[in-house]
Amino acid sequence: MNELILEMRGITKSFFGVLANDNVNLMVNRGEIHALLGENGAGKTTLMNILTGLYKPDSGEIVISGKKVTFASPRDAIKSGIGMVHQNFRLVDSLTVSENVILGLNDIHRFLNIQEIHEAIGNFSKKYGLNIDPKAEIWQLSVGERQRVEILKMLYRKVGLLILDEPTAVLTPQEVVDLFSSLRNMAQEGKTVIIITHKLNEVMEIADRITVLRGGKSVATMLKKDITRQELARIMVGREIPKVLSRRCVMSEENVLELTGIKALNDRGMEALSGLSVCVRKGEILGIAGVAGNGQKELVEVIAGLRPTLAGSMKINGKNLTNCKPGDIINAGVAIVPEDRVGMGLAQNFNVIENLIVKTYRDSENSRRGFLNWKHLRKNAEKIVKDFDIKTAGVFSPVKLMSGGNQQKLLFARETSKKPSLLVAAYPCRGLDLGATHAVHQILLSQKEQGTGILLISEDLDELLNLADRIAVIYEGKITGIVVPGKASIEQIGLMMCGGGKECIS
Amino acid sequence: MYILDKLNEGKCIRFEKRLSVPPVTYLIVPVVSVILVLLLGGLFLALLGYNPVEIYGILLNGAFGNTYNFTETIVHAIPLMLTGLGVSLAFKMGLWNIGAEGQLYFGAFMATGVALFFHDLPTPLMLTLVLTAGFLGGALWGFVPAALKVFIGVNETLTTLLLNYVAILWVDYFIFGPWKDPKGFLPYSKVFPQSAMLPVYPGTRIHAGLILAILAAIILWIIIWKTTWGYEIRLIGENTQVARTAGINIAKNMLLVMIISGGLAGLAGMGEVCGIIGRLQHNISPGYGYTAIIIAWLSRLNPLVILLVAIIFGGLNNGGYALQMVGLPESIVTMLQGAILLFVLGGDILTQYRIKIHRRGCGV
């Protein structure tokens with residue numbers, strides 16, 4: 001069990017003078033599940049991108065099964081038996097599972113016998129407990145199933161070392177259970193798994209050994225059985241994590257948002273919201289709990305004015321804004337932190353300044369008579385970067401170079417700058433580490449205390465129980481119940497959103 | 001990525017994505033591209049039995065060799081500047097306006113209409129009118145595809161391209177038919193009154209269109225980088241979703257941008273008929289509207305750079321006439337222009353990727 005399959009020694013990599021990896025060491029044994037734990041921006045993803053040949057290290061060496069290697073591309077890495085499943089899946093929506101799996105393989109006959117391939121891939125998936133229909137087309141699959149296809153792709157390429165980047169970020173609790181059992185299956189079959197994560201619960205549940213990265217350095221490697229959760233948290237963050245978020249009830253009876261009987265279609269023309277009614281009050285956080293795909297995305301788009309409603313009405317601060325333009329809705333005081341911060345939230349090639357003013361560029365202090373006041377914009381952006389502790393190479397550098405956590409902070413900084421009366425946040429902590437998650441929670445609570453009504457969509461029950469004043473459960477496009485945390489049991493809520501109860505953090 | 005993987009398959013030369021692009025690359029790549037084009041063209045000329053050095057000498061001399069040749073180069077550069085600026089604005093917003101040629105023709109057509117039918121007007125009024133008419137003609141030809149896109153969702157790449165042929169045939173119809181000069185045999189319109197002619201720099205054919213182009217470039221630069229409207233245009237081009245979420249009216253901006261984009265090309269057409277020829281005729285443009293696309297990309301959509309690149313391409317066009325005198329087809333120049341774009345686009349890959357050569361084997 002103690003045979004080294006991978007050794008990364010003294011890996012250093014810097015981007016634009018910022019050290020992302022600083023003399024990092026990583027040793028992984030064959031057949032183990034190794035967790036790479038660290039906060040956002042700790043350098044986990046960079047390290048794995050170096051391992052899979054996406055980046056070239058400035059210095060350091062990689063030894064696989066005792067042989068020193070250098071990779072020029074992911075293809076090289078796969079040839080050496082290393083495959084990675086990224087957070088954003090790389091699948092072709094209109095092709096079947098099998099077609100996606102064999103895509104790019106060279107040793108397939110020019111004339112495909114698709115039946116044989118379906119069969120082979122079906123058998124293959126059963127072997128690892130990755131139940132999936134090889135004939136299904138990708139667009140028909142849930143996020144969890146898509147992830148399984150990605151894993152299947154790697155296994156089919158006879159990868160011995162599989163890396164998963166934040167694999168549970170997009171999964172429902174049940175899907176996480178399935179994933180973990182598949183991973184254990186693979187480890188038993190002699191595959192090695194590296195799982196990149198910042199979730200302590202998961203590490204304690206799945207990992208055999210743990211390497212912690214902090215600030216670009218590898219700070220410790222230990223066996224899971226030798227350590228407790230609290231110790232691990234301290235090593236990862238390098239400081240004590242505040243345990244309980246201070247919460248005050250400032251909720252008033254006034255409704256900021258009133259949705260009544262909203263009906264809307266999804267992109268495929270099927271009914272996604274079927275008569276949804278819900279209210280958000282001034283100074284409250286209303287949590288929306290539910291499994292992804294039950295209308296959350298469409299709900300956000302309806303509120304933002306990006307998706308037409310077929311029936312029902314939407315009132316903001318008592319004013320009817322049903323089917324109004326996005327601009328009118330922004331002017332009514334609605335701020336939105338969308339689910340997809342890369343695609344809908346930020347323009348990746350724009351710099352920090354330009355992204356900050358997306359909704360305020362017309363304001364009198366930002367522009368006069370149609371001309372942007374760059375001097376003011378720059379000063380203001382520099383202040384915001386400091387206030388929100390956003391790590392960036394400068395306000396003129398494009399946001400695509402920033403980590404996910406910092407992009408999210410930037411997005412919150414922008415959305416809250418206008419003192420909104422309603423803030424809609426969809427999965428704001430998805431993919432963020434403990435530190436950034438904490439920062440986002442603080443922002444949400446302080447916004448609430450200033451009287452903003454907040455609609456918080458999340459799959460993380462613990463997060464909702466911690467933050468929300470009321471929790472509404474969404475199921476198949478309707479609110480199926482509203483509960484007050486503390487008065488309803490977790491099991492009750494979990495049952496309503498179709499998951500089981502979970503251990504409560506802190 | 002798949003294509004890259006394919007390219008990389010089993011080769012000792014590999015493409016790697018660059019994380020950061022050193023700014024100097026943006027200068028080196030076009031320069032190296034042009035040198036490679038000259039080498040390729042030279043090879044081609046040598047195969048035809050010409051001395052490449054001599055031919056390039058003639059080309060260069062024909063373009064920039066003396067004051068007269070240089071002024072003629074500027075004359076050719078003016079429509080290239082205006083159309084180049086026009087398409088670059090549309091490109092900045094992610095609209096594929098490849099209809100500058102048609103917009104140029106329609107601008108010329110409208111300006112001609114004004115010049116022919118209001119021939120008694122005093123010069124200042126007349127000039128204002130032909131200018132406006134030229135702009136509006138091009139603007140109309142830009143507005144039509146924009147409206148089709150905004151209201152019915154028709155792809156603008158196709159409509160702008162097809163409308164080029166419509167505009168050219170439209171002009172042909174008028175010069176072969178209703179507007180044909182009754183005293184002439186050739187398909188020309190009547191000669192414009194002097195009041196409709198743009199002022200010319202004495203002793204040359206450089207007309208006031210040059211001032212229009214320079215002004216347009218400066219104004220466009222200011223709009224794009226200094227104004228909220230330019231910010232909207234860039235944001236839409238960069239990420240339409242974010243722009244929509246921000247409440248920016250995308251339809252309105254599309255219409256406006258295409259009106260200006262077409263209007264600038266229309267001014268180029270007006271410049272040709274009111275600045276140089278003095279009447280409407282067949283073939284007023286040797287494909288300026290298409291060359292404009294090359295110029296816009298080579299200049300990376302920077303309005304001020306477009307002015308310079310347009311002069312180089314104007315030189316290529318003008319030098320091409322000198323080549324005809326030694327018996328070479330003028331299309332040599334078209335070939336060189338095409339090759340430049342090809343090489344720069346190829347070079348573009350090298351700004352995003354770097355080539356890595358593995359000397360010893362291709363193993364990992």
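This is a predicted model: local features need pLDDT of at least 70, side-chain atom pairs count only at pLDDT 80 or more; totals for chains, interfaces and linings use all residues.
How many residue pairs are in polar contact between chain B and chain A? The count is 10 residue pairs, with both residues at pLDDT 80 or more.

## The interface between the chains

Chain B gives 29 residues to the contact and chain A gives 36. About 3100 Å² is buried between the two chains, and carbon and sulfur atoms account for 60% of that area.

The rule also finds 2 salt bridges across this interface. One of them joins A:Glu354 to B:Arg234, with the closest N and O atoms 2.6 Å apart. On the side of chain B that touches chain A, the elements that give two or more residues are α1 (2–8), β1 (13–17), α8 (209–226), α9 (228–238) and α10 (240–245) of chain B. The largest share of that side comes from α9(B), with 6 residues. Sorted by class, the side of chain B that touches chain A has 10 nonpolar, 8 polar and 11 charged residues.

## The sheet of four strands in chain A

Strands of a sheet pair through backbone hydrogen bonds, either parallel or antiparallel. In chain A, 4 strands form an open sheet in the order β12-β11-β14-β15, and the pairing is antiparallel. The edges are taken by β12 (271–281) and β15 (319–320) of chain A; each has a single partner strand, so one side of each is left without a neighbour in the sheet. Helix α9 (residues 296–304) of chain A packs on this sheet and touches β11, β12 and β14 (311–316) of chain A. The direction of this helix makes about 120° with that of β11(A).

The pairs can be followed one by one. Strand β11 (residues 255–265) of chain A is joined to β12(A) by 8 bridges, and in this pair A:Leu259 has A:Val278 as its bridge partner. Between β11(A) and β14(A) there are 5 bridges, again antiparallel, and here A:Lys263 is partnered by A:Ala311 of β14(A). The pairing of β14(A) with β15(A) is antiparallel over 2 bridges, with A:Ile316 opposite A:Lys319 of β15(A). The hairpin of β14(A) and β15(A) has 2 residues between the strands, and A:Asn317 takes a positive phi near 50° in this hairpin.

## The sheet of six strands in chain A

Another open sheet of chain A has 6 strands in the order β16-β19-β20-β13-β21-β22, and its pairing is mixed. Here β16 (334–337) and β22 (478–483) of chain A stand at the edges; each has a single partner strand, so one side of each is left without a neighbour in the sheet. Neighbouring strands of this sheet are turned by 20° against each other on average, direction ignored.

Helix α15 (residues 434–449) of chain A lies across β13 (285–289), β19 and β20 (453–458) of chain A. This helix runs at about 150° to β20(A).

Conventions:
Residues are numbered from 1 along each chain as its sequence is written. Chains are lettered from A and ligands numbered from 1 in the order in which they are written. Side-chain values use heavy atoms; hydrogens and water are left out. Contact means heavy atoms within 4.5 Å. Buried area is the accessible area (1.4 Å probe) that two parts lose on being put together, summed over both. A salt bridge is a side-chain nitrogen of Lys or Arg within 4 Å of a carboxyl oxygen of Asp or Glu. A polar contact is a pair of N or O atoms within 3.5 Å; within protein, one must be able to donate a hydrogen and the other to accept it, and residues adjacent in sequence count only if both atoms are side-chain atoms. Ala, Val, Leu, Ile, Met, Phe, Trp, Tyr, Cys and Pro count as nonpolar, Asp, Glu, Lys and Arg as charged, and the others, Gly among them, as polar. Two strands pair if DSSP finds at least two bridges between them. Axes are lines fitted to C-alpha atoms, for helices over the stretch in contact, and angles run from 0 to 180 degrees between N-to-C directions.
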